[in-house]
Amino acid sequence: AKGDVFRLGYAPENETAYLETNHVFLELAISLGAQMAHSVGGVVVWDGVSRGDDDGTKAFQEEAYKRGLTMEKISTL
């Protein structure tokens, strides 16, 4: 009721759900930041090694950089 949770409704078999969610999440963060006149950044927690083209963490980081966000990286190693 407060709008704190978003249900995107992706089907479990949707192979691009994580990538699409990254875009929605970034758009929402940037929009909220603009409304509140705050800068927006991101955080990735991973080992820094991509597992390939379907790596959601790497895709999130790259998309955030494309949108001009600063990123904090926390290593799992």
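The largest nonpolar core in this predicted model has seven residues: L26, V44, W46, F60, A64, L69 and M71. Strand β1 (41–46) and helix α2 (56–66) are the elements that each give two or more residues to this core. A nonpolar core here is a set of buried Ala, Val, Leu, Ile, Met, Phe, Trp, Tyr and Cys residues joined through side-chain atoms within 4.5 Å. Helices (H or I, at least four residues) and strands (E, at least two) are DSSP runs, numbered from the N terminus.

A handy point for your own checks: residues are numbered from 1 along each chain as its sequence is written. The model being predicted, local features need pLDDT of at least 70 and side-chain atom pairs count only at pLDDT 80 or more, while totals for chains, interfaces and linings use all residues; side-chain values use heavy atoms, without hydrogens and water.

Leaving aside residues up to four places away in sequence, L26 touches F60, E63, A64, R67 and L69, where contact means heavy atoms within 4.5 Å.

Now to the rings. There is one aromatic pair, counted when ring centres of Phe, Tyr or Trp (its six-membered ring) lie within 6.5 Å, with planes under 30 degrees apart called stacked, over 60 edge-to-face and the rest tilted. F25 and F60 form this tilted pair, 6.1 Å centre to centre with 50° between the planes. Because F25 lies in helix α1 and F60 in helix α2, the pair ties together parts 35 residues apart in sequence.

Relative accessible area (1.4 Å probe, protein chains only) sorts residues into buried (under 20%), exposed (over 50%) and partly exposed in between:

| Residue | Relative accessible area | Class |
|---|---|---|
| F25 | 51% | exposed |
| F60 | 10% | buried |
| A29 | 22% | partly exposed |
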